[in-house]
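These notes are meant for a colleague who is opening this entry without having seen it before. Please keep the sequence and the model side by side while reading.

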Amino acid sequence: MAQTTQPTGSTEPLPGNLPKGFRGAEAGWPELHRIPHPPRRLPLVGDVIGANVRTPVQDSMAIGRALGPVFRRKAFGKEIVFVWGARLAAELADEARFAKHVGLGVANLRPVAGDGLFTAYNHEPNWQLAHDILAPGFSREAMAGYHPLMLAVAGQLTDRWDGAAAAGRAVDVPGDMTKLTLETIARTGFGHDFGSFERSRPHPFVTAMVGTLTHAQRRNVLPPALAPLLLRRSERRNAADMAYLNRTVDEVVATRRAADASGAPGDLLDRMLDVAHPDTGERLSAENIRRQVITFLVAGHETTSGALSFALHYLAARPEVCARARAEAEQVWGRTEAPAYEQVAKLRYVRRVLDESLRLWPTAPAFAREALHDTVLDGTHPMRRGAWALVLTMLLHRDEEAWGDRPEAFDPDRFTPAAVRARPPHVFKPFGTGARACIGRQFALHEATLVLGLLLRRYDLVPEADFRLRVAERLTLMPEGLRLRLVRRAG
Ligand code: HEM
């Protein structure tokens with residue numbers, strides 16, 4: 001469920017009705033000169049020496065380590081302030097002073113996702129309207145309704161993996177996790193079957209989505225003056241990708257509209273089409289529904305597939321962690337083919353493995369926060385209303401002040417209830433923060449815990465001997481080229 005600071009049902013827009021478009025740090029941070037930047041800054045182009053357009057987040061992580069908990073980077077006239085220190089990130093989580101900022105990569109998705117829930121500006125009325133209509137779609141009751149469909153999709157994965165195990169073939173983990181999570185959100189949310197498991201290649205929806213995300217990331221990092229030229233071919237392909245996404249979604253909606261509405265299952269699409277706001281009676285427009293369907297199909301699978309892939313990497317690489325997680329699944333679930341909804345949250349250790357994977361590799365690796373009023377960050381850095389900073393979750397999750405002196409070490413026991421209580425709040429933020437935090441958090445955690453439990457009971461996971469973790473970025477993170485061999489377990 002979304003962590004909301006406003007009562008569900010409120011129609012007050014969130015504050016922050018500032019103009020859109022990129023706002024450079026120069027305008028918002030009057031004492032910007034006091035924030036460190038990389039040493040070899042070049043006139044005109046900025047901090048581009050050593051920058052890799054394919055890995056901007058990992059680059060920023062290396063720079064942040066050298067420069068400290070607040071730093072800035074400039075590329076081609078765009079200056080951005082990054083924050084990762086635990087104390088500063090906690091300040092930015094204060095909803096009385098800061099709110100989500102829609103900028104950079106998120107804003108680049110506006111052409112396709114518009115004022116859908118993820119990309120809406122805080123002041124756009126459709127954010128609150130859609131939030132209030134859709135939040136009940138993630139209630140406990142709704143989740144329990146999705147559970148059998150999640151199991152059915154997991155069954156398709158294990159059918160495929162049984163075949164690979166029998167043939168001694170390694171599986172493509174990110175590819176198969178993407179199939180799994182796309183089918184799961186498509187079927188539970190929209191009653192749609194992409195048939196991903198019957199295909200040898202990714203569904204064209206996935207190809208178009210990856211194209212759009214990659215394009216959005218490139219637009220972040222290229223010089224604005226040259227971007228139209230450098231991205232001319234990419235722009236054309238992006239237009240085709242967006243048209244494909246829109247067509248697919250229009251078909252999904254048309255199919256549902258044509259179906260007999262009576263006795264409908266009450267999934268997300270039903271909510272979008274049929275449910276009026278409980279206070280105002282207002283409904284989502286056809287155009288907004290299109291935006292929401294794309295938003296949920298993309299946001300609902302891309303990050304979860306990464307989270308599952310990283311968790312499987314660590315389970316395969318750490319036999320002692322794997323054995324403990326498996327023992328828990330076997331003990332709590334026994335041999336039942338279909339663990340019940342309530343049984344999933346009982347896999348406490350498996351959940352810790354997932355949390356620890358999301359700590360080291362938060363698959364949505366950053367989020368932006370803007371000042372609601374003139375303020376001073378950390379008592380040191382004045383910010384004007386509308387000034388914003390990017391919280392680098394990946395470094396926040398490795399800040400020694402919050403996580404101890406071995407933050408790089410993978411240790412699920414960091415998430416025992418006692419260890420969590422001992423840490424300050426706001427230091428673990430894989431799902432963002434405040435009113436605009438992830439609405440699908442429980443959905444993702446339920447799906448991922450269920451699938452990990454099922455896979456652990458069924459297979460020994462064998463890493464490839466020469467595998468070294470490298471992380472691919474396309475706004476989200478994914479372990480590149482992760483393949484595992486599977487040995488079917490007895491029972
Ligand atoms: C492990 C999986 C997931 C991760 C790491 C994740 C991460 C995030 C983060 C960090 C945000 C806030 C972004 C910001 O502040 O700019 C967010 C928002 C959002 N997420 Fe997720 N997410 C996950 C799964 C899901 C799922 C399964 C769904 C849908 C079924 C979903 C739908 C959304 C939506 C609609 C928003 C925008 C919420 C709003 O602004 O009101 N996410 N997510």
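Predicted model: local features only at pLDDT ≥ 70, side-chain atom pairs only at ≥ 80, totals over all residues.

1. Residues are numbered from 1 along each chain as its sequence is written.

2. Overall form. The protein has 21 helices and 12 strands, where helices (H or I, at least four residues) and strands (E, at least two) are DSSP runs numbered from the N terminus. Its radius of gyration is 22 Å, which agrees with the value near 23 Å that a compact globule of 491 residues would have; the radius is taken over C-alpha atoms, and the globule rule is 2.2 Å times the number of residues to the power 0.38. Along the principal axes, the C-alpha atoms fill a box of roughly 65 × 55 × 45 Å.

3. Burial and contacts. Buried residues make up 45% of the 491 residues; a residue is buried if 20 or more other C-beta atoms lie within 10 Å of its own, exposed if 12 or fewer, and partly exposed in between, with C-beta atoms placed from the backbone. Among contacts between residues at least 6 apart in sequence, 76% join residues at least 24 apart, a contact being a pair whose C-beta atoms, placed from the backbone, lie within 7 Å.

4. The ligand shell. There are 26 residues around the ligand, of which Gly300, Phe367, Gly432, Cys438 and Gly440 come nearest; membership requires a C-beta atom, placed from the backbone, within 6 Å of the molecule. Helices α13 (286-299), α14 (302-317) and α21 each supply at least two residues of this shell. By class the shell has 16 nonpolar, eight polar and two charged residues, with Ala, Val, Leu, Ile, Met, Phe, Trp, Tyr, Cys and Pro counted as nonpolar, Asp, Glu, Lys and Arg as charged, and the others, Gly among them, as polar.

5. A helix crossing. How do α15 and α21 cross? The axes of α15 (residues 319-333) and α21 (residues 441-458) come within 9 Å and cross at roughly 100°, which makes α15 roughly perpendicular to α21. Angles of 65 to 115 degrees count as roughly perpendicular, under 35 as roughly parallel, over 145 as roughly antiparallel and the rest as oblique; the axes are lines fitted to C-alpha atoms, for helices over the stretch in contact, and angles run from 0 to 180 degrees between N-to-C directions. On the α15 side the contact is made by Ala325, Arg326, Ala329, Glu330 and Trp333, and on the α21 side by Gly453, Leu456 and Arg457. These residues divide into four nonpolar, one polar and three charged.

6. Which residues does Ser357 contact, leaving aside its neighbours within four places in sequence? They are Ala307, Phe310, Ala311 and Tyr314. The C-alpha atoms of Ser357 and Ala307 are 6.9 Å apart although 50 residues separate them in sequence, and those of Asp355 and Ala311, 44 residues apart in sequence, are 8.8 Å apart.

7. His426 has a positive phi, near 65°, in a residue other than glycine, and with 18 other C-beta atoms within 10 Å His426 is partly exposed. Phe428 is buried, with 20 other C-beta atoms within 10 Å, and, leaving aside its neighbours within four places in sequence, Phe428 is in contact with Arg359 and His397.

8. Asp378, in the loop between β6 (375-377) and β7 (381-383), has a positive phi of about 60° although it is not a glycine. Asp378 counts as partly exposed, with 13 C-beta neighbours inside 10 Å.

9. Ile133, in helix α6 (residues 125-134), is buried, with 22 other C-beta atoms within 10 Å. Leaving aside its neighbours within four places in sequence, Ile133 is in contact with Arg271, Val275, His277 and Leu284.

Definitions and conventions:
Contact = placed C-beta atoms within 7 Å.
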